[in-house]
Amino acid sequence: ALLKTIEEPRPYVSFILATTEINKVPETIISRCQVFNFKKVADDIIIKHLEEIATKENIEREAEAFDMIAQMSEWCVRDSVKYLDQVSILGTVTAAHVSSFLGVASNYTIKQFLDTTLAWDERAVFDAIDTLHNQGIDLYNFAKQLIVYIDTRLYENMDGYMRVIEMLSYVMSTIRYYPYASVVYKMAYHKFFVWWSVPSPAAVPAKTPTIIQETT
């Protein structure tokens, strides 16, 4: 029935079918449609769009604030505009206002946290987690921010960053089911530091085998 309707529509009718799972649409339907794949919008395009809105609405802003909003929206223009509208209630759209209102961290905070992690300073990392928690940073979103930040700089420290991503994957899969997000971080980071302190098999020198000859 659907094929018949699509093949012989009324002159004044246009059908628009939308899906996020194109693989589940039968080929008999796809072959009768023009397919347009919508892609995520790059951060620089989102920032430019936000700048245009802010100019028209006379909203004062900081450049870093729009960077944070673009990253928080995860390439979705609608979400970025929503976040701009929410934060603009506080007046000037600054990085501090974005951080406090949306519960996200600045790029500087993210870099400092990762540097502390890769310096293998467990006490400093625990103190940083407490600070983030006290500042009202959403620790689930913070894990996402860390992963996005690492993704653009992976080759700077491939081994270290890959280990951090594995640890953050555990944090994100656990934190929603535990009432104390900061404790989840501390447990995960403690295991991370213990694991990192164990040398890899390649770093352990092989022992010379001992041959025991039996005699009668």
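Leaving aside its neighbours within four places in sequence, with which residues is serine 106 in contact? In this predicted model, the residues that answer to this description are Glu64 and Met68. Serine 106 itself is found in the loop between α6 (95-102) and α7 (107-118), and with a relative accessible area of 14% it is classed as buried, because the limit for that class is under 20%. The side chain of serine 106 also takes part in a polar contact, at 3.0 Å, with the side chain of threonine 109.

Charged side chains were considered next. Side chains of opposite charge can pair when their charged atoms come close. The count of salt bridges in the model comes to 9, and three of these pairs are described here. One of the salt bridges joins the side chains of glutamate 74 and lysine 144, with a distance of 3.1 Å from N to O. Because glutamate 74 lies in the loop between α4 (63-73) and α5 (77-87), whereas lysine 144 belongs to helix α9 (residues 139-151), this pair ties together parts that are 70 residues apart in sequence. Both partners are partly exposed, glutamate 74 having a relative accessible area of 33% and lysine 144 a relative accessibility of 25%.

A salt bridge is likewise formed by aspartate 79 and lysine 82, whose closest N and O atoms are 3.9 Å apart. These two residues stand 3 residues apart in helix α5, and they are therefore separated by about one helical turn. Aspartate 79 is partly exposed at a relative accessible area of 23%, and lysine 82 is also partly exposed, with a value of 39%. In a further salt bridge, the side chains of glutamate 21 and lysine 24 meet at 3.4 Å, again taken from N to O. Here glutamate 21 is partly exposed, with a relative accessible area of 37%, while lysine 24, at 58% relative accessibility, counts as exposed because the limit for that class is over 50%.

Aromatic side chains form another group of features. A pair of aromatic rings is described by the distance of the centres and the angle of the planes. The structure holds 8 aromatic pairs. In one of them, the rings of tyrosine 178 and tyrosine 180 have centres 6.4 Å apart and planes at 70°, so that the pair is edge-to-face. Tyrosine 178 is partly exposed, at 36% relative accessibility, and tyrosine 180 counts as exposed, at 55%. An edge-to-face arrangement is also found for tyrosine 189 and phenylalanine 192, because their ring centres are 6.0 Å apart and their planes lie at 75°. Tyrosine 189 and phenylalanine 192 are 3 residues apart in helix α11 (residues 181-197), and about one helical turn therefore separates them. Both are buried, tyrosine 189 with a relative accessible area of 0% and phenylalanine 192 with one of 2%. These two residues also belong to a cluster linked by ring pairs, in which Phe113, Phe142, Tyr185 and Phe193 take part as well.

On the surface, a nonpolar patch is formed by Tyr170, Tyr178, Tyr180, Val183 and Met187, which together have about 450 Å² of accessible area. Tyrosine 170 has its place in helix α10 (residues 158-174) and counts as partly exposed, at 32% relative accessibility. Tyrosine 178 and tyrosine 180, the edge-to-face pair described above, are thus also members of this patch.

Terms used:
Residues numbered from 1 in each chain as written. Predicted model: local features only at pLDDT ≥ 70, side-chain atom pairs only at ≥ 80, totals over all residues. Heavy atoms only, no water. Salt bridge = Lys/Arg side-chain N within 4 Å of Asp/Glu carboxyl O. Buried < 20%, exposed > 50% of the residue type's maximum accessible area, 1.4 Å probe, protein only. Helix = DSSP H or I, 4+ residues; strand = E, 2+ residues; numbered from the N terminus. Patch = residues over 30% accessible without salt bridge, like charges linked within 9 Å, V, L, I, M, F, W, Y side chains within 5 Å. Areas by Shrake-Rupley, 256 points an atom, 1.4 Å probe, with all protein chains shown as cover. Polar contact = N/O pair within 3.5 Å; in protein donor to acceptor, adjacent residues only side chain to side chain. Contact = heavy atoms within 4.5 Å. Phe/Tyr/Trp six-rings, centres within 6.5 Å; stacked < 30°, edge-to-face > 60°.
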